[in-house]
Amino acid sequence: MSDNPYDLVVIGGGPGGYVCAIRAAQLGMKVACVDMRKTLGGTCLNVGCIPSKALLHSSHLFAEAKHGAADHGIKITGTVKADLAAMMARKDSVVKANVDGIAYLFKKHKIDWISGMGRIDAAGEVGVALHDGGDMTLVTDAIVLATGSEVAALPGVELDGRMIVDSAGALALPKVPKRMTVIGAGVIGLELGSVWSRLGAEVTVIEYLDHVLPNMDAEVRKHTQRILKKQGLTFRLSTKVTEAKKTSKGVSLTVEPAAGGEPETLVSDVVLVAIGRAPHSLGLGLDKNGIERTERGFIKVDERYQTTAKGIYAIGDVIGGMMLAHKAEEEGVAVAEILAGQAGHVNYDAIPSVVYTWPEIAAVGKTEEQLKSAGTDYKVGSFPFTANGRARANNDTDGFVKILADARTDRVLGCHIIGPSAGDLIQEVVVGMEFGASAEDIFRASHAHPQLGESIKEAALAVHGRPLHL
């Protein structure tokens, strides 16, 4: 590149940003990464994906000890109690290990990490407001914006971090609330609602739409709600929250039918606002540098991730699309390779989504609803975990695998799983779709027995009307 101190400066140290920085360094670039936190990893590693999975796993083990151990012939005498302080300490140690790991990788690849608020001062110049009060300028050939997203605000409901919390607050509650209301039945709402329900809270989930998990397959959505209701969650669908007031008895929520109707009041000890996330695109100096945004605030980019300003690129949540850490990582690798003169590429049709409730929910590709809307002629193959030997042995038989394939070519167009370890099982289909696999390609491959993955094979066989164990 040029004689500038840096070939690339990345603003944002989350999964998209730190992966972009590492890949660029691997390709021989001199790289700096600016992040507003005092630890790397962004929302995902610090207050999102990683800590939530730690609490999900701990609370799942607790629930299994209380309700599932007896089915396996394990007798637990006395009362099974949750030590919330120990759970939180373990969660924090998991977070520290992960963020420290990213710092080590930066040292390994000789990436300069600057802790402070980054902004674009001019083409090729990144200003940083340092945490100690100072300010510095980084001169670079290219800039990548990877600033991620933040919690979307809900009018009439003001966060206080104690009684009315966002996802980060819900990961750090000092005690188990007696009553919790979750506003939003998306991924975050269902995951964190599951955590606190398992630990003893009475959880009510309020959703504006008439279904949970928007954008998921309809059959999976219905199955998910049925299972979580059985686990103890209460659902109020087609309902909106118009106001929240803190009182001596808790938080008083005013709710009413989404289509209009008489309001009513719900009282909770803690309210979790989980209606989605919005791009973190303010304060970056976008307007003065000619960087355009959409009406919703997402940064506009072309097929090479370049913004409307030459030499400035953007990836991850801040450009919209699937707001997933691994999608941001793929874009980070792609833009680093593009800057190195290679052919960076992301196949958006083969990016999986996972919900880490139990059972897990995983999806890749098109839903039945999307295929019907597009007029695509397709075939469906479905297989329940009740017919899988390993699932029976594990006493984890809730759910099914559904594979959608083109009716003419047999090419796999989508896969939807609700069941044990769905997030791991989906990867076989993701790889298959990346290589243009047919349903027959999947079922012709030998699958170990007894394994949960045999359900993938059986669903692929079912596309052809010939499952072996159903």
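Leaving aside neighbours within four places in sequence, which residues is M323 in contact with? Point 1 picks that up, after two housekeeping remarks. This is a predicted model, so local features need pLDDT of at least 70 and side-chain atom pairs count only at pLDDT 80 or more, while totals for chains, interfaces and linings use all residues. Residues are numbered from 1 along each chain as its sequence is written, and side-chain values use heavy atoms, with hydrogens and water left out.

1. M323 first. With neighbours within four places in sequence set aside, M323 is in contact with S149, R277, F298 and D317; contact means heavy atoms within 4.5 Å. M323 sits in the loop between β16 (312–314) and α8 (325–339). Here helices (H or I, at least four residues) and strands (E, at least two) are DSSP runs, numbered from the N terminus. At 29% relative accessibility, M323 counts as partly exposed. The cut-offs are under 20% relative accessible area for buried, over 50% for exposed, and partly exposed in between (1.4 Å probe, protein chains only).

2. Now T147, which lies in the loop between β5 (135–145) and β6 (149–151). T147 is at 16% relative accessibility, so it counts as buried. Not counting residues up to four places away in sequence, T147 touches I11, H280, L284 and V318. With H280 there is also a reach of 2.7 Å from the T147 side chain to the backbone oxygen.

3. About the annotation: an unreviewed UniProt entry lists K53, G118, T147, G148, S149, D317, M323, L324, A325 and H326 under "binding site". They span 274 residues in sequence and the farthest two C-alpha atoms are 29.2 Å apart, so they do not all gather at one spot. Bear in mind that UniProt annotations may be inferred rather than shown by experiment.

4. On helix α3 (residues 49–68), the buried residues include P51, L55, L56, H60, F62 and G68. The buried residues of α3 pack against α2 (42–47), α4 (84–108) and α6 (187–198).

5. Last, a sheet. Three strands in the order β11-β12-β13 form an open sheet with antiparallel pairing; two strands pair if DSSP finds at least two bridges between them. β11 (239–247) and β13 (264–268) stand at the edges with a single partner strand each, so one side of each has no neighbour in the sheet. From one strand to the next, the twist averages 25 degrees, with axes as lines fitted to C-alpha atoms and angles running from 0 to 180 degrees between N-to-C directions. β12 (residues 250–257) pairs with β13 over five bridges, and L253 stands opposite L266 in β13.

Terms used. Polar contact = N/O pair within 3.5 Å; in protein donor to acceptor, adjacent residues only side chain to side chain.
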